[in-house]
Amino acid sequence: MNIELRHLEYFRAVAEELNFGRAAERLFISQPGLSRQIKQMEEILGVQLFERTKRKVELTAAGHFLRSEVDYIFNHLELTKTQLKEIAKGNVGELRIGFLGSAAHTVLPDFLVKISREFPGIQSSLEELSNAMQVEMLEKDRLDLGFVRLARVPNPLQMQVVHNDTFSVVLPMGHPLSNGGFKNVGQLKEEDFILFSHDYSSIYFDKIMSICEDQGFSPRITHKSVHALTIFKLVEAGLGVAIVPTSLKEGYDLKVNFIELKNIKQKTELFAVWKKGNRNPALSKVLGLL
């Protein structure tokens, strides 16, 4: 007997719920029937996938490995179905792109224009995501290409610098330093700071800390966000100041002033990231356009 797709669907449900009752309800089958299917699957594979007690269900080491493989299998099946539909329409396929907000104001528009010009049959789906979420989705083949600010990525992901950027201070209109009086970040040491959260981009967060530390202070952070617009709105309302990649000043019409920090050592890089071995033909075609 061979493993069938239904076995993998049953396994995924139990692996995600870690409860046979809830997984059975989700699958619209009986709990004893689900248990039999999982036991049959373990017998076919010759390994135990779950540790079962009366109180809890846990994945074994083999189960953890299979879960990651099952994620890949189902994600690849979804991609295959999408690609088949696009090919049937006469298109080359779909490119799934994740990006940070700052990429939407710099690299991404030009990149999409190039794709449209060179490969008009490639359709793009876009999703703004954090660094960590992009990496996770690339590893699981739920994204084809990401735009991140990270120092490194895990194997088998590959990365390429696509944009170098400076930092800028963001001040509310009417701030005493916003009209020619700004000399360095040290003048803001008594201010409240509004920053992107550490979880959104740890390398960016650490660089902001180092910019302030170079001026002899640690910033008093009162608000954090994962969205540039939220940060700018809070600055506009007078709730603090911010330091952001300079490219983010494009595309917003708010009552804030950007002052570029040209003479500091800290810069920020935007990377394109993809998974080596990704089998989406659309990805292989567009990598040369980066």
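Modeller: Helix α6 is followed by D141, whose phi is positive, near 60 degrees. The model is predicted, so local features need pLDDT of at least 70 and side-chain atom pairs pLDDT 80 or more, while totals for chains, interfaces and linings use all residues. Numbering starts from 1 along each chain as its sequence is written, and side-chain values use heavy atoms, without hydrogens or water. Helices (H or I, at least four residues) and strands (E, at least two) are DSSP runs, numbered from the N terminus.

D141 takes this positive phi although it is not a glycine, and its place is the loop between α6 and β5. D141 counts as buried, because its relative accessibility is 8%; buried means under 20% relative accessible area, exposed over 50%, and partly exposed in between (1.4 Å probe, protein chains only).

One of the residues that meet D141 is N75, from helix α4 (residues 61-88). Beyond its neighbours within four places in sequence, N75 is in contact (heavy atoms within 4.5 Å) with R96 and with the run K140, D141 and R142. N75 is itself buried, because its relative accessibility is 16%.

Within α6 (residues 131-139), the buried residues are N131, Q134, V135, M137 and L138. An α-helix has 3.6 residues a turn, so residues three or four places apart point the same way. The cover over the buried residues of α6 includes β3, β4, β5, β6 and β12.

Those strands make up an open sheet of five, in the order β4-β3-β5-β12-β6 and with mixed pairing; two strands pair if DSSP finds at least two bridges between them. At its edges are β4 (122-128) and β6 (157-165), each of which pairs on one side only. From one strand to the next, the twist averages 20 degrees; axes are lines fitted to C-alpha atoms, for helices over the stretch in contact, and angles run from 0 to 180 degrees between N-to-C directions.

Strand β3 (residues 93-99) runs parallel to β4, and seven bridges join the two. Among these residues, L95 has S124 of β4 as its bridge partner. Helix α5 (residues 107-118) also packs on the sheet, where it touches β3, β4, β5 (145-148), β6 and β12 (268-275). The direction of α5 makes about 170 degrees with that of β3.

Between β5 and β6 lie both N155 and P156, and the peptide bond that joins N155 and P156 is cis, with omega about 5 degrees. N155 is exposed, because its relative accessible area is 72%. From N155 to K249 the distance is 33 Å, C-alpha to C-alpha, for a separation of 94 residues in sequence.

L18 counts as partly exposed, because its relative accessibility is 36%, whereas D141 is buried at 8%.
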